[in-house]
Amino acid sequence: MMTLKKLTKNFLPFLTLLLLTTGCNSQTSDVKSNLNVEAELVVEGIRIGWGIAFLPNGEMLVTEKSGVLYRINNGEIIAEITDGIPSDLDVNGQGGFLDVKPHPDYEENGWIYFSYSSSAGEGSGSNTKIIRAKLDGNSLTSIEEIYKGEPNSNRGQHYGSRVVFDENGHLFFSIGDRGNRSVNPQDLNRDGGKIYRLNADGTIPSDNPFVGKEGLDAMYSYGHRNPQGMAVHPESGLVWAHEHGPRGGDEVNIIEPAKNYGWPVISYGINYDGTEFAEDTARDGMEQPVTYWDPSIAPSGMAFITSDKYPGWKGDLLVGSLKFAYIAHLDLEGDEIVNEQKLVEGTGRIRAIEQGPDGYIYFSAEGDGIYRLMPSNN
């Protein structure tokens, strides 16, 4: 049985949590609230929906990894936008057109933020780039660069690329280690293996933890492998993030300023060939995860439930699994995970998860399209 490992900052003993399973076309019953849910396909024809976002009018935006922005209204694709997609987009391996996030004050300023793998800049290959743009009809216009990871790399993995805004309007985004774990994550002066914080216009907040010190001014935390999920906790306002481990050691972390999350010095994973690489699983000065998975579930997409559509689940955390194609429902009490449950097992690989303005959870499944998570009376 797959186990999820639960940790505390004081390194209490591991707790193996019960995992319940269900098929996509059947209902899942929650042991705490007896809630049943099922996956309802609402949008077809999207192959790899990497990011999902909602505009204030309820319209859904979905980024397709190959370089298309979909506009969706009431479950129907009303536009496939390619006009204005950046010409430096480099679709390769895990790279492509990645996350999307409207500014919190979108109705006033019209800005939408995107991440993608960009061939612009130093060296051959590509690296993660953050831009903002405006949607004029079915075109992206007024494009501005916010941040570009340097240097480029010909390695096609670990772009990171989730984008969120915190309650103070700061822009957080991730750049993975770009497959160079021996150098990037622990070097404070190199992009890669980091989570960054900027003002919405791309300027550096004066209270960023490395301003005036050794390290990148935009950097907020380091020692990460490949964070593909970020969400803001609805009560604490802190950013939570998960990241891929190699063979084992996928993590969920609470992101705090200047903290070192240990990759690759400490890890609960091993190399894909079964050999060990980490020096230990814990070390002074390096953060322990809130939880980790062994074996890996390959997490992508992440959302807190803040609506009343799912009785008993408000405040809980959802994490998508690429490897096993299900949603992990993590039952939270404060910052503690007390139970895990598998939802909607049997869709395509889960890539993005977002709560819509209607209070329902939407998620993308590769090869299928966009689903809505619906409570069921059955």
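## The sheet S9-S10-S11-S12

In this predicted model, four strands make up an open antiparallel sheet, ordered S9-S10-S11-S12. Strands here are DSSP runs of E with at least two residues, numbered from the N terminus, and two of them pair if DSSP finds at least two bridges between them. Strand S9 (97-102) and strand S12 (139-148) sit at the edges, each pairing on one side only. On average, neighbouring strands of this sheet are turned by 25 degrees against each other, direction ignored; the axes behind such angles are lines fitted to C-alpha atoms, and angles run from 0 to 180 degrees between N-to-C directions.

Let's walk across the sheet. S9 is joined to strand S10 (residues 112-118) by four bridges, the two running antiparallel, and Val100 stands opposite Phe114 in S10. Seven bridges then link S10 to S11, again antiparallel, with Ser118 opposite Asn127 in S11. Strand S11 (residues 127-136) is mostly covered, as eight of its 10 residues are buried (under 20% relative accessible area, with a 1.4 Å probe and protein chains only). S11 and S12 pair over seven antiparallel bridges, and Ile131 faces Glu145 in S12. These two strands form a hairpin with two residues between them, and Gly137 in the turn has a positive phi of about 65 degrees.

## The sheet S5-S6-S7-S8

There is another open sheet to look at, made of four strands in the order S5-S6-S7-S8 with antiparallel pairing. Its edge strands are S5 (49-54) and S8 (76-81), each of which pairs on one side only. From one strand to the next, the twist averages 25 degrees.

Five bridges hold S5 against strand S6 (residues 60-64) in an antiparallel arrangement. In this pair, Gly49 stands opposite Glu64 in S6.

## The largest pocket

Rolling a probe the size of a water molecule over the atoms shows where empty space is left. On a 1 Å grid over the protein atoms alone, a pocket is an open set of points with protein on both sides within 12 Å along at least five of seven lines, a cavity is a set where a 1.4 Å probe fits but cannot get out, and lining residues have an atom within 4 Å of a point. Volumes are the space filled by probe spheres set on the points, which are joined across faces, edges and corners.

The largest pocket holds about 700 Å³ of space. Its lining has 30 residues, and Lys101, Val164, Phe165, Glu354 and Gln355 are the closest to its centre. Two or more lining residues come from each of S5, S9, S13 (163-165), S17 (227-232), S21 (299-304) and S25 (350-355). By class, the lining has 18 nonpolar, seven polar and five charged residues (Ala, Val, Leu, Ile, Met, Phe, Trp, Tyr, Cys and Pro count as nonpolar, Asp, Glu, Lys and Arg as charged, and the others, Gly among them, as polar).

Two cavities of 30 Å³ or more are found. The largest cavity has a volume of about 60 Å³, and its lining includes Arg225, His244, Tyr261 and Trp263. That lining divides into four nonpolar, five polar and three charged residues.

The second largest cavity has a volume of about 30 Å³. Among its lining residues are Tyr261, Tyr268, Thr281 and Glu287, and the lining splits into four nonpolar, three polar and two charged residues.

## Notes on the model

Residues are numbered from 1 along each chain as its sequence is written, and side-chain values use heavy atoms, leaving out hydrogens and water. Local features need pLDDT of at least 70 and side-chain atom pairs count only at pLDDT 80 or more, while totals for chains, interfaces and linings use all residues.

Notes: Buried < 20%, exposed > 50% of the residue type's maximum accessible area, 1.4 Å probe, protein only.
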